[in-house]
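Subject: Structure for you, with notes

Dear colleague,

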Amino acid sequence: MIAEAGTWRQQRRLQERRRSAARRKGHETLRGELAPRGSLPAALAPPPVAQDRASHEQPQEPPREQASPARPRVLVVPNAIAGQAPVVRKPGPTFADVLRTFDAPYRRRYADELTEQQDKVLREMLACYTPLLGTHRWTCGDCGTVVELPNGCNNRHCCTCGQAKRRRWAEDTCAQILPVEYCHIILTVPREITQLAMTSQHVLYSMMLREGAYAVLDGGRKLFRVELALLSLLHTWGQLLNAHLHSHSLLPLGGLRVGALEWMDLSREQLDQLLEYVRGAFARRFCKALRKAYRQGELQLSGAPQLEHLQSPDAFERWIAPLENRSWIVRCGESWDRTKMDQAPEATEKIAQYLANYVGRVALSDSRILDIAGDRVLFKYKDYRDGNQQKAQWIEGVELIHRFLQHLLPRGLRHIRYYGWMGPRAEQEKRDYVRQVHGVTDAQGQEAPVPEGPPEAAPLEQEVRTRTCRFCDGSIRLTGRTDRPRVYELMEMPLASLRDAQAGLRVTLGDKLPPLEAERSGDPSAPGMSQRAQEIRRQLAALTTSSYL
């Protein structure tokens, strides 16, 4: 058994190397085709709309006359001189641009299906980082530069804002990571249950996280007499924004001995046994909970043609019996060994940054939107069936919005949960013991460590928090703000004003910047503001990658 497990691990390592090579090749291909040319290659011209929404096949190449017009992929800020206030925004199209372009046709096509929550999310994302949500003004006392920053929508589904939230969550999670080996577990339900989850989201989503975590915890107790703990995150979409219900869990390979305060480590052979147990236990627990929800009338079966035949108890039992006897997909992804800090000092950051991608954002990010042409949108995705290669596909803009809105989380649903001795109901004594054994202190209530090195070596996000002017390194302070509208006021705004709102921040460069630059260099004949415009453009471009946007 150990020999078989070792062979399986060797095959998995070989597959990971091949996927990494294919992934790097895909990145280089997209970067070589899109970035240097400033326009899209002819092979990516907008095709006819695919009939199958969940298809992974590339559509046929259209005639060459339908090719997309050239669109620069770099930011150019014209007339960046003193006294003018250019509007700075991220380079390239964003999902908010998709909404401004196709919001009206989407509402005409899906007027009968649009819910109140979907309408609210669309309005907030249209107004995100525009003056409609209010602004706050920062003024530098040394050079006179004024930066007017619009407010973000702070919606947990937004594709644009939430960077600061993800960074803080990663830092908090990083502080709680133990110096032990961790593994990434993915649990997936059959496609039939995914279809049911689209109509009963709140019940099935909670069931997915709860039963998957309890299957892992039960396996630790029954097989090894160990109380495990894990962090689980819900995922409802695939790379093409199709319905794909699964969960990602971070599991430390170790736990507390049942009935005693004693730490026990798990080996990789024990992890293989645990995964084999979870494959059957997860299916049994989930189907048992699904039957209970059906008897209590919590499932929504009306309104979906593919589910109407399940309203009869006998039909529901015939439908769920084969699913219970099937071995569900439970696999182990990447692993991180925190015990070898001298060999992998970035293991903690790697775990936290990976998990942070699922926090404060749903289904799509602005970096995946490549171009908008006509009634089509070009977005990139990772093809897991072809060696994790990066590919691009054209899709109808209205269809892209429709797929995105299908993955909105129900109100009040917590899609990030802790279980075991990490959970909120666990005894504080257990958590304190685990931290004490591994030498990890409780980060709550502690001051953040001061970064070493000179101030100019601080990252761009640190400069924002310390209120430092990006142009003269002087002190910048808050000088004014406008109030954020209430939710009912936003819902009453005309849709035309939301679609026409200009997103981005306004920068007015101070008149004292050229003398300060000449004084800093010690040369009275230092370049004036007109010659310094290129440097100002580069600094404005750096703003777009910071926590400002």
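Predicted model: local features only at pLDDT ≥ 70, side-chain atom pairs only at ≥ 80, totals over all residues.

Residues are numbered from 1 along each chain as its sequence is written, and side-chain values use heavy atoms, with hydrogens and water left out.

The protein has 16 helices and 16 strands, these being DSSP runs numbered from the N terminus (helices H or I of at least four residues, strands E of at least two). Of its 549 residues, 49% are buried, where buried means under 20% relative accessible area, exposed over 50% and partly exposed in between, with a 1.4 Å probe and protein chains only. Taking the contacts (heavy atoms within 4.5 Å) between residues at least 6 apart in sequence, 74% join residues at least 24 apart.

Two helix pairs deserve a look. The axes of helix α6 (residues 201-224) and helix α7 (residues 268-295) come within 7 Å and cross at roughly 135°, the axes being lines fitted to C-alpha atoms, for helices over the stretch in contact, and the angles running from 0 to 180 degrees between N-to-C directions. That makes α6 oblique to α7, given that angles under 35 degrees count as roughly parallel, over 145 as roughly antiparallel, 65 to 115 as roughly perpendicular and the rest as oblique. The residues of the contact of α6 with α7 divide into 18 nonpolar, 5 polar and 4 charged (Ala, Val, Leu, Ile, Met, Phe, Trp, Tyr, Cys and Pro count as nonpolar, Asp, Glu, Lys and Arg as charged, and the others, Gly among them, as polar). Helix α2 (residues 95-109) and helix α10 (residues 397-405) pack at an angle of about 95° with their axes 8 Å apart, and are therefore roughly perpendicular to each other. By class, the contact of α2 with α10 has 11 nonpolar, 2 polar and 2 charged residues.

A search of the whole structure finds 10 aromatic pairs; rings of Phe, Tyr and Trp (its six-membered ring) pair if their centres lie within 6.5 Å, with planes under 30 degrees apart counted as stacked, over 60 as edge-to-face and the rest as tilted. One of them joins Tyr214 and Tyr419, whose ring centres are 5.8 Å apart with planes at 80°, so the pair is edge-to-face. Because Tyr214 lies in helix α6 and Tyr419 in strand β14 (residues 416-420), this pair ties together parts that are 205 residues apart in sequence. Tyr214 is partly exposed at 33% relative accessible area, whereas Tyr419 is buried at 8%. Phe282 and Phe286 also form an edge-to-face pair, with ring centres 6.0 Å apart and planes at 75°; both lie in helix α7, and both are buried. Ring pairs link Phe282, Phe286 and Trp328 into a cluster.

Finally, two single residues. Arg361, in the loop between α9 (347-356) and β11 (369-373), counts as buried at 19% relative accessibility. Leaving aside neighbours within four places in sequence, Arg361 is in contact with Arg156, Cys158, Cys159, Arg166 and Trp237. Ser247, in strand β7 (residues 243-252), is buried with a relative accessible area of 2%.
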